[in-house]
Amino acid sequence: SLLIWQLSLTSSTGKAICGQPALNTRIVGGEEAPPGSWPWQVSLHDYNHICGGSLITDQWVLTAAHCVQRPLKTTDHQGQEGSNLNEVIRKAAQIIIHPDYNSVTSNNDIALLKFSKPVNFTSYISPVCLAASDSTFYSGVNTWITGWEKLQVEVPVVGNRQCKCSYGESSITDNMICAGLQEEGKDSCQGDLGGPMVSKQGDRWIQAGIVSFGRGCAEPDYPGVYTRVSQYESWINGVINANQPGFISFMSNGTDSDLDVSCTPERECLLFIFI
């Protein structure tokens, strides 16, 4: 079956470099993101919006496997209510879910979708860069989670060791990356499942994660969990064998404080009781 996608797009043409939004010259505080701030943001539809995604080339979108694992129907939907004139619709001609995706554990929660025809890059539509395989995202690195409904939230990376203290040792794999606050109030539930988690390095925005799962919404001590994009450079390039995405190495400064983290016995007992 085919999928309906919406993108921010104008009728003009132009060549874009990944991760450099022409209209996002500064970080905007609060929840609303002006049009064009995140030009790689994609909305996956069947009858209505169901998931987010990110544009990585003029014909490929990156999203979560759980967003596309069930059959979806084609619709004649022509735009969201109140949508702006920069939006267009594309159908997905091909859907590729990672072969090792596990719907129970959410490991390898990643998928690629190919448009039936390419889009033109403009000020309102351009691809995000992807984190290369040697990237490092230490605890505290600032990330932005964005959603289709003009939502954006800034949260720091939480190291995998610390994240395992919350979710349990076996729940967080090397294919995942966590981000969130110790206090409640901000989480990726304010964005879209399947959407991008990005960090800025120099003048480039680099996608570090894909919104995957979490416990509740913005609960304290339970960060959001994302698919770690840098683990999939080889797989993505193996699928997209022409006009490949832009992979950039993200290098964290200093040392990784997560290496010193160990869960307290009390915390482990609590985890055992609730699990």
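**Close-up views of a predicted model**

**View 1. C51 and C67 form a disulfide, with their sulfur atoms 2.1 Å apart.** A disulfide here is a pair of cysteine sulfur atoms within 2.5 Å. This is a predicted model, so to speak of local features takes pLDDT of at least 70 and side-chain atom pairs count only at pLDDT 80 or more, while totals for chains, interfaces and linings use all residues. Residues are numbered from 1 along each chain as its sequence is written, and side-chain values use heavy atoms, with hydrogens and water left out. C51 lies in strand 3 and C67 in helix 1, so the link ties together parts that are 16 residues apart in sequence. Helices (H or I, at least four residues) and strands (E, at least two) are DSSP runs, numbered from the N terminus. At -80 degrees about the S-S bond, the C51 and C67 link is left-handed. C51 is buried at 4% relative accessibility, and C67 is buried at 3%. Buried means under 20% relative accessible area, exposed over 50%, and partly exposed in between (1.4 Å probe, protein chains only).

**View 2. A disulfide also joins C18 to C129.** The S to S distance is 2.1 Å, and with 90 degrees about the S-S bond this link is right-handed. C18 sits in the loop between strand 1 (3-8) and strand 2, and C129 in strand 7 (residues 129-131), so the pair ties together parts 111 residues apart in sequence. Both C18 and C129 are buried. By the sulfur-distance rule, the model has four disulfides.

**View 3. Helix 2 is tied to strand 10 through C163 and C178.** The sulfur atoms of C163 and C178 are 2.1 Å apart, and the torsion about their S-S bond is about -85 degrees, so this disulfide is left-handed. C163 and C178 are both buried. Helix 2 (residues 160-167) is mostly covered, with six of its eight residues buried; among them are N160, K164 and Y167.

**View 4. Strand 9 (residues 152-158) is largely enclosed by the rest of the structure, because five of its seven residues are buried.** Strands count as paired if DSSP finds at least two bridges between them. Strand 8 (residues 142-146) runs antiparallel to strand 9, joined by five bridges, and T143 has V155 as its bridge partner. On to strand 10 (residues 176-179): two bridges join this strand to strand 9, again antiparallel, with V158 partnered by C178.

**View 5. Strand 13 (residues 224-228) has five of its five residues buried.** Strand 10 pairs with strand 13 in the antiparallel sense over four bridges, and strand 12 (residues 204-213) pairs with strand 13 antiparallel over four bridges. Y226 is the bridge partner of I177, and V211 stands opposite Y226 too.

**View 6. The largest nonpolar core holds 39 residues.** A nonpolar core is a set of buried Ala, Val, Leu, Ile, Met, Phe, Trp, Tyr and Cys residues joined through side-chain atoms within 4.5 Å. L55, I56, L62, L112, L130, W235 and I236 touch the most other members. Strand 6 gives the largest share, four residues. A second, separate core of 17 residues includes F137, V155, I206 and A208. Leaving aside neighbours within four places in sequence, I56 is in contact (heavy atoms within 4.5 Å) with residues including V61, L112, P127 and I240.
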